[in-house]
Amino acid sequence: MSMSPSDTSNKKKPKKDTVANATVDGTIAGKEQMTLMKNKRLDLSYVQMKWETVFRRILIVMSVIMLIVVAGILATLIVQSWPSIKSLGIGYLWGKVWDPVNNVYGAFPFLIGTLLTSFTALIISVPFSYAISIYLGEYNTKGWLSNLLKNTIELIAAVPSIIYGFWALFVLVPIVRSFEMKIGVAPYGVGVCSASLVLAVMIIPYAASLGTSLIRMVPSPLKEGAYALGATRFEVIRSVILPYTRSGLFAGILLSLGRALGETMAVTVLIGNTSAIANSFKEVFFGPGNTMASVIANEFAEADHPVYLSALIELGLVLFFVTVIINLIGKRIITRYTHH
Amino acid sequence: MEYSVVSATNFNAWFGDNHVVKDVTIKIEKNQVIAVMGPSGCGKTTFLRCINRMHELIPGATAKGSLKLYDDDVYTMNPIYVRYKIGMVFQRPNPFPNLSIYDNVVAGYKLNGLRMHKADMDHIVEKSLTSAALWKEVKDSLHKKGTFLSGGQQQRLCIARAIAMEPEVILFDEPTSALDPISTSSVEQLFHELKVNYTLIIVTHNMQQAARVSDKTAFFYVGELVEFDETKTMFTAPKDIRTQNYITGRFS
């Protein structure tokens with residue numbers, strides 16, 4: 001069906017030429033051709049009208065399929081984690097001990113691990129994404145250097161996360177370890193700190209490339225209005241460009257946060273995989289930990305007990321809700337910023 | 001002859017290799033309204049943007065020659081200072097959408113981080129809006145966003161914003177081409193009042209407007225300043241054949 005409009009339009013063109021020739025040659029042949037043409041046009045408009053409806057239906061079906069897929073995922077998560085929800089109750093969320101051998105499951109260490117790594121990564125990445133957005137969006141918008149930078153930054157998002165994991169294990173972890181020795185904490189190397197640093201690198205392109213496009217779209221009359229009043233470039237950025245793009249830049253940050261919350265492979269390699277909660281913040285930050293995604297990745301294959309498996313799936317459910325809640329809060333903040 | 005506020009001598013401007021303003025020499029006197037007209041692409045807007053050094057903000061744009069504000073060469077001054085002294089109003093009204101009417105008027109001070117007393121600021125806002133014939137219409141909604149105003153009001157807000165900086169000269173780049181006829185006449189009316197305190201240079205496509213509002217008219221053609229004279233003389237007895245062709249509508 002999708003081929004039909006292009007087919008008919010291809011057929012139409014040569015027909016037109018023959019009509020033109022026929023009218024030059026003789027009137028009768030020309031007339032016949034004309035009526036033929038008229039019928040063809042009628043057919044065509046019918047096909048065109050039909051196609052309008054079909055096309056719209058295709059769009060609706062495609063969109064609704066996505067809705068069904070998400071609903072399906074949610075339903076599966078709930079059904080599969082039901083045994084765990086039933087036997088562990090709501091206490092699962094703040095249970096501090098995760099001990100599959102004794103059938104004790106508490107998600108709290110992982111919840112903290114996920115939020116701590118993601119928000120640390122976000123705090124590290126935001127200055128970089130803003131700086132890159134402003135530089136590529138306002139200072140260096142054309143030329144080879146600009147293109148090279150923009151493409152490289154977009155490439156960062158395309159590198160498979162396991163590669164980040166390995167690179168960090170060989171390069172970043174030794175550096176973190178020697179730093180840990182200097183400040184006098186146990187020199188694990190792997191842990192929340194390393195995982196956050198790598199996450200930060202991984203999520204920069206999301207906010208940076210969206211920010212670059214947004215800053216390039218700031219209407220130049222607006223910028224010129226400020227320049228004409230004697231504003232410097234920095235003042236134009238601070239008082240015109242950033243307020244104008246504020247909600248969009250925030251949306252970019254939210255996008256990268258979503259990515260950080262769910263990132264699995266690189267974090268699994270670097271986080272150190274321990275389910276115990278350390279006593280001081282220093283130990284939590286520099287010591288090994290676990291995130292929800294990394295626990296699922298690490299333990300899914302060895303979950304031999306039904307409740308164990310179900311508890312892992314429930315972790316997935318919690319992660320799902322954490323992401324949804326953070327996104328909803330973000331949307332609220334964006335609408336508040338744009339409608340006042 | 002009166003003292004000239006802006007004077008250009010053999011002034012040239014380029015966009016890359018494209019020579020858009022060619023050897024312009026002009027003397028503009030104080031408290032006059034100067035209309036700059038000519039067909040599209042004749043370099044009139046570029047010349048205007050050279051006066052407050054907005055031209056150089058476009059990548060690849062260059063300028064050469066002497067351009068003076070009183071006795072100081074504009075091109076050796078700090079561009080920020082030049083733009084304090086020479087205000088500008090654009091083709092499309094461009095109030096800052098994130099600022100209130102009040103803040104838009106004092107935007108020039110706020111952008112530059114100048115701090116002042118609330119009373120002084122109130123005074124500047126009232127004075128500038130009154131000069132821009134907008135005070136009566138907006139005095140009860142000063143803290144609404146500037147973008148809520150109509151197009152004509154927004155343009156007068158932009159004029160108030162320029163006046164607030166107490167400039168010597170105000171440049172207008174086709175200031176009424178995006179406005180309806182009623183707003184246009186209110187802005188034109190304003191020109192007559194503003195020239196008491198300021199020197200106005202207005203780029204316009206509209207010959208009737210040039211005739212209505214200006215004391216002197218400059219006619220640009222393909223980058224050259226063809227003729228610069230009293231508006232009356234220009235429209236009744238143009239010296240150059242190109243000026244004559246333009247004002248009789250033989251080309252546009």
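This is a predicted model: local features need pLDDT of at least 70, side-chain atom pairs count only at pLDDT 80 or more; totals for chains, interfaces and linings use all residues.

Biologist: How many bridges join strand β6 of chain B to β7(B)?
Modeller: Residues are numbered from 1 along each chain as its sequence is written, and chains are lettered from A and ligands numbered from 1 in the order in which they are written. Strands are DSSP runs of E with at least two residues, helices are runs of H or I with at least four, both numbered from the N terminus, and two strands pair if DSSP finds at least two bridges between them. Strand β6 (residues 86-89) and β7(B) run parallel, with M88(B) having L171(B) as its bridge partner, and the number of bridges joining these two strands is four.

Biologist: Which residue in β8(B) stands opposite V169(B)?
Modeller: β7(B) is also joined to strand β8 (residues 199-203) of chain B, by five bridges, and these two strands run parallel. Within β8(B), the residue opposite V169(B) is T199(B).

Biologist: Which helix makes a β-α-β unit with β7(B) and β8(B)?
Modeller: The unit is right-handed, meaning that, with the strands pointing away from the viewer, the path from the first strand over the helix to the second runs clockwise. The helix in this unit is α8 (residues 181-194) of chain B.

Biologist: Are the faces of β7(B) covered or open?
Modeller: In a regular strand the side chains alternate between the two faces of the sheet. A residue is buried if 20 or more other C-beta atoms, placed from the backbone, lie within 10 Å of its own, exposed if 12 or fewer, and partly exposed in between. V169(B), L171(B) and D173(B) on one side are buried, as are I170(B) and F172(B) on the other, and both faces are therefore covered.

Biologist: Where in chain A is confidence lowest?
Modeller: The mean pLDDT of chain A is 86, and 86% of its residues reach 70 or more. Confidence is highest in helix α3 (residues 108-139) of chain A, at 94, whereas the lowest mean, 44, belongs to helix α1 (residues 4-25) of chain A.

How values were computed:
pLDDT is the predictor's confidence in each residue, from 0 to 100.
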